[in-house]
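Trainee: I would like to learn how to read a structure like this one, feature by feature. Could you guide me through it?

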Amino acid sequence: MSMAEEKHILVTGGAGFIGTHTLHQLLVEGFRVMIIDNLHNSSKGAVKRVRELVGTNLSKKLVFNKGVLRYKDDIEKLFSANKFDAVIHFAGLKAVGESVAYPFRYFDNNLIGSINLYQVMAKYNCKKVSEGHSECGIF
């Protein structure tokens, strides 16, 4: 058993384009992976495709949860039932034109969702996070 097999990673926005590519690599490297995604701009079908690509055995290490980071309870449920070694945070809205037209929607989703995530991580002593979302410029 490699060190990666002992590690459990939460990927927010894991059903999106960047998220699914990351899921694939994490699984191939031997990590256990849990996803939280609200499927706003993504698809459960993309997660199914990752399962197909990695095969039956590695698919057993992948768990999907539909959830919204703006709802702290959705995050709390995951952390209360799992010990995560790290979080890779891809969740967020990212369309520039829409962010100008609806700035509060982006503030609420991207900023409040991230704050909720960090607060729950702190509560459960999960200290490793990688920010990797394409909407960083819209925060």
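The dialogue below goes through the sheet, one of its strands and some of the helices.

Mentor: Please keep in mind that this is a predicted model, in which local features need pLDDT of at least 70 and side-chain atom pairs count only at pLDDT 80 or more, while totals for chains, interfaces and linings use all residues. Residues are numbered from 1 along each chain as its sequence is written, and side-chain values use heavy atoms, with hydrogens and water left out.

Trainee: What is the order of the strands in the open sheet?

Mentor: Strands of a sheet pair through backbone hydrogen bonds, either parallel or antiparallel. Helices (H or I, at least four residues) and strands (E, at least two) are DSSP runs, numbered from the N terminus, and two strands pair if DSSP finds at least two bridges between them. Here 5 strands form an open sheet in the order S3-S2-S1-S4-S5, with parallel pairing. Its edge strands are S3 (62–66) and S5, each of which pairs on one side only.

Trainee: Which strands does S1 pair with, and over how many bridges?

Mentor: S1 is joined to the parallel strand S2 (residues 32–37) by 5 bridges, with Met34 of S2 as the bridge partner of Leu10. With S4 (residues 86–89), S1 pairs in the parallel sense over 4 bridges, and there Val11 stands opposite Ile88.

Trainee: Which way do the residues of S1 point?

Mentor: In a regular strand the side chains alternate between the two faces of the sheet. In S1, His8, Leu10 and Thr12 point one way and Ile9 and Val11 the other, and all are buried (under 20% relative accessible area, with exposed over 50% and partly exposed in between, for a 1.4 Å probe and protein chains only).

Trainee: What unit do S1, helix H2 and S2 make?

Mentor: A crossover is right-handed if, with the strands pointing away from the viewer, the path from the first strand over the helix to the second runs clockwise. S1, H2 (residues 17–28) and S2 make a right-handed β-α-β unit.

Trainee: How does the span of helix H6 agree with its 21 residues?

Mentor: The expected span of a helix is 1.5 Å times one less than its number of residues. H6 (residues 103–123) should therefore span 30 Å, and its end C-alpha atoms are 29 Å apart, which agrees. Among the buried residues of H6 are Tyr106, Asn109 and Leu117, and H6 is followed by Asn125, whose phi is positive, near 60°.
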